Amino acid sequence: MPINSLGYVGVRSRDLEEWQDFAENLLGMQSVESGNYALAFRMDDYKQRLMIETEPGDALGFLGWEVDSKEDLEIYARKLDSQNIPVAFAPKELADKRFVDQMILFQDPEGNRIELFWDPMLDKEKFKPGRPISGFKTGPYGMGHAVLHAKDVNLLVKFYCDILDFKVSDYGLSPYPMHFFHVNGRHHSFAILGTKLSGFHHFMVEFNNLDDVGQGYDLACLEEDRIAYTLGRHTNDYMTSFYAKTPSGFFIESGWGGRIIDTDLWEPHETNVGPSFWGHDRPYLDEDTRKSLKDMRLKAASDGLQAPLLVDCPWLYGLQDLKK
């Protein structure tokens, strides 16, 4: 697949001081740029993964997706142009600002800005986390995953599958449409929620150690109204995680133990057991939706639904040879 990972996320916000504290001290990212108009943070050897800019507009500034080659940018530019979707190659000044060789710019059908880029610059200095953590799971799996609200979920699904070649992992229709897509072995790098809203729902970062998540949860619990989803485990990607409210209002999921799939053998399918085996209570939701999700979790428990044991998930600890 020419698009191989979620490379970076850009956020618009004037709350730079709050974001500095949130990204460093809760998420454990490394601050690499701090000024009056912008912040940037590292998660690994990439020059930057998260950018906060004070430009006016919605909270989601842009999603940066990495492609395999320079030629892929030209292929996607032609595909977009053939569908009368405005697309442009970025000026060198912007590519340099993103620390990439080349990139193209366009918007999806609901106005979300997408940047496809090639050849990111790597930092020679070792990653230094903002709080003591074991690091993030990135590499071939990218920065993590991003999830968007959708006013017209079918329109967005068609765009990302037909134009950008995203592959469906699975989907659910209750309590609202949820569609999950992969571009590499990570169960999903992208998802769309049919909430009739628009913009960012959340993005996820995956830690190398479950204790990093638990300690982050303890830190988040110290702040009033910081927790959006309590600690829990998802049914489709097996991620153990919690969600925190960001200074911009959307959420960030801090997770561990995400599912790695074989993209050559994977078959897309519908799920109907709800999003979580346990936990992930959402205090911000209306009572009816919250109860519906709780009932799904309780049914999963009564039916004995659980994630596979470690022997079936050797990737959790990097023990890929366990089943041999």
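Modeller: The model is predicted. Ten strands make up an open sheet of mixed pairing, in the order β17-β10-β11-β12-β9-β13-β16-β15-β14-β18. The edges are β17 (269-270) and β18 (276-279); each has a single partner strand, so one side of each is left without a neighbour in the sheet. Helix α4 (residues 153-163) packs on this sheet, where it touches β9 (145-149), β10 (167-172), β11 (178-182) and β12 (190-193). The direction of α4 makes about 160° with that of β12.

Within the sheet, β13 (residues 200-206) pairs with β16 (residues 251-256) in the parallel sense, over five bridges. F203 has I252 as its bridge partner in β16.

β16 also takes part in the packing of another helix, α5. Helix α5 spans residues 210-221, twelve residues in total, and its first and last C-alpha atoms are 17 Å apart, close to the 16 Å expected at 1.5 Å a residue. Its buried residues are D212, V213, G216, Y217 and A220. They lie on the same side of α5, because they cover an arc of only 135° around the axis. The spacing follows from helix geometry: with 3.6 residues a turn in an α-helix, residues three or four places apart point the same way. The buried residues of α5 pack against β14 (227-234), β15 (240-245) and β16, and also against α1 (16-26). At the start of the helix, a side-chain oxygen of N209 comes to within 2.8 Å of the backbone nitrogen of D211.

Elsewhere in the chain, strand β4 (residues 50-53) is covered on both faces. L50 and I52 are buried on one side, M51 and E53 on the other. In a regular strand the side chains alternate between the two faces of the sheet. β4 runs parallel to β1 (residues 3-12), with four bridges between them, and R12 has E53 as its bridge partner in β4. β4 runs antiparallel to β3 (residues 38-42), again with four bridges, and A40 stands opposite M51.

M51 itself counts as buried because its relative accessibility is 4%, against a cut-off of under 20%. Leaving aside neighbours within four places in sequence, M51 is in contact with Y8, V9, G10, V11, L39, A40, F62 and R98. The C-alpha atoms of M51 and G10 are separated by 4.7 Å, although the two residues are 41 residues apart along the chain.

Conventions. Residues are numbered from 1 along each chain as its sequence is written. This is a predicted model: local features need pLDDT of at least 70, side-chain atom pairs count only at pLDDT 80 or more; totals for chains, interfaces and linings use all residues. Side-chain values use heavy atoms; hydrogens and water are left out. Two strands pair if DSSP finds at least two bridges between them. Helices (H or I, at least four residues) and strands (E, at least two) are DSSP runs, numbered from the N terminus. Contact means heavy atoms within 4.5 Å. Axes are lines fitted to C-alpha atoms, for helices over the stretch in contact, and angles run from 0 to 180 degrees between N-to-C directions. The expected span of a helix is 1.5 Å times one less than its number of residues. Buried means under 20% relative accessible area, exposed over 50%, partly exposed in between (1.4 Å probe, protein chains only). The arc is that of the directions from the helix axis to the C-beta atoms. A polar contact is a pair of N or O atoms within 3.5 Å; within protein, one must be able to donate a hydrogen and the other to accept it, and residues adjacent in sequence count only if both atoms are side-chain atoms.
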